[in-house]
Amino acid sequence: MSTSDRLAAFGLELINVHEWLREELAQLRDDLSAATPPKSELRVHCLAFCTALTRHHTGEDDTAFPALAVQFPELAPVLRKLQQDHAAIEVILSRVAELVEGFDAAAGPDEVRRVRGELDGLSAIMESHFAYEEREIVTALNKLDVPGWHRDVPRFLKTDEDAP
């Protein structure tokens with residue numbers, strides 16, 4: 001694989017990570033609706049998802065967006081909007097984590113309904129955010145040249161399977 005192929009893969013990898021996160025959230029919502037797995041497993045899955053999404057957005061804020069801002073200053077308004085989305089999503093993730101913290105076999109239908117409502121809202125904002133991000137920065141990300149990324153895949157491009 002040539003350097004230009006690897007660089008082009010960063011934008012495509014972002015889309016792959018988004019797809020993985022979409023699938024994880026869909027599975028979590030399905031599990032919560034079916035309530036087939038024990039609630040303690042739902043709690044663990046939910047907290048793991050919240051952590052993965054936070055890690056992805058923190059990685060973008062800390063690594064991808066600063067690199068894009070340097071090489072593509074015209075993206076500054078887009079990057080600010082994406083960071084605002086990250087903050088709004090983090091508020092929802094905090095509410096979800098708080099709701100599921102004590103989520104166990106004793107959790108009743110009201111608790112399940114509240115978590116489902118938060119996840120429904122999260123799904124809507126996450127989909128809007130991902131679609132906007134993919135539309136606005138994938139091309140620039142494909143052109144981005146960050147030497148350190150050749151050795152180590154940046155945190156925002158890792159799924160749970162890739163995470164240390």
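**Helices, cores and charged pairs**

Biologist: What should the 25 residues of helix 3 span at 1.5 Å a residue, and how far apart are its end C-alpha atoms?

Modeller: The 25 residues of helix 3 should span 36 Å at 1.5 Å a residue, and the end C-alpha atoms are 36 Å apart, which agrees. The expected span is 1.5 Å times one less than the number of residues in the helix.

Biologist: Before we go on, what are the ground rules?

Modeller: This is a predicted model, where local features need pLDDT of at least 70 and side-chain atom pairs count only at pLDDT 80 or more, while totals for chains, interfaces and linings use all residues. Residues are numbered from 1 along each chain as its sequence is written, and side-chain values use heavy atoms, with hydrogens and water left out.

Biologist: Where is the kink in helix 4 centred?

Modeller: On I137, with an angle of about 50°. The bend at a residue is the angle between axes fitted to the seven residues ending there and the seven starting there.

Biologist: Which residues touch the most other members of the largest nonpolar core?

Modeller: That core has 23 residues, and L21, F49, L53, L119 and L122 touch the most other members. Helix 1 (3-34), helix 2 (39-71), helix 3 (76-100) and helix 4 (109-143) each supply at least two of the core's residues. A nonpolar core is a set of buried Ala, Val, Leu, Ile, Met, Phe, Trp, Tyr and Cys residues joined through side-chain atoms within 4.5 Å.

Biologist: What does L53 touch?

Modeller: Leaving out residues up to four places away in sequence, L53 touches L21, I89, L93, L122, M126 and F130. Contact here means heavy atoms within 4.5 Å. There is also a second, separate core of 21 residues, which includes V78, L79, V146 and F156.

Biologist: Back to helix 3, which of its residues are buried?

Modeller: V78, L79, L82, D85, H86, I89, I92, L93, V96 and V100.

Biologist: What about E118, buried or exposed?

Modeller: E118, found in helix 4, counts as buried at 18% relative accessibility. Again not counting residues up to four places away in sequence, E118 touches I92, R95, V96 and L99.

Biologist: Now charges. How many salt bridges does a search of the whole structure find?

Modeller: Seven, where a salt bridge is a side-chain nitrogen of Lys or Arg within 4 Å of a carboxyl oxygen of Asp or Glu. One of them joins R22 and E127, whose closest N and O atoms are 2.7 Å apart. R22 lies in helix 1 and E127 in helix 4, so the pair ties together parts that are 105 residues apart in sequence. R22 counts as buried at 17% relative accessibility, while E127 is partly exposed at 37%.

Biologist: And what do the side chains of D120 and R29 do?

Modeller: The side chains of D120 and R29 meet in a salt bridge, 2.8 Å from N to O. With D120 in helix 4 and R29 in helix 1, this pair ties together parts that are 91 residues apart in sequence. D120 is partly exposed at 35%, and so is R29 at 29%.

Biologist: How many residues apart are D110 and R113 in helix 4?

Modeller: D110 and R113 are three residues apart, which means about one helical turn. Their side chains meet in a salt bridge at 2.5 Å, N to O. D110 has a relative accessible area of 43% and R113 has 49%, so both count as partly exposed. Elsewhere, salt bridges that share partners join E19, R22, E127 and E134 into one network.

Methods:
Buried means under 20% relative accessible area, exposed over 50%, partly exposed in between (1.4 Å probe, protein chains only). Helices (H or I, at least four residues) and strands (E, at least two) are DSSP runs, numbered from the N terminus.
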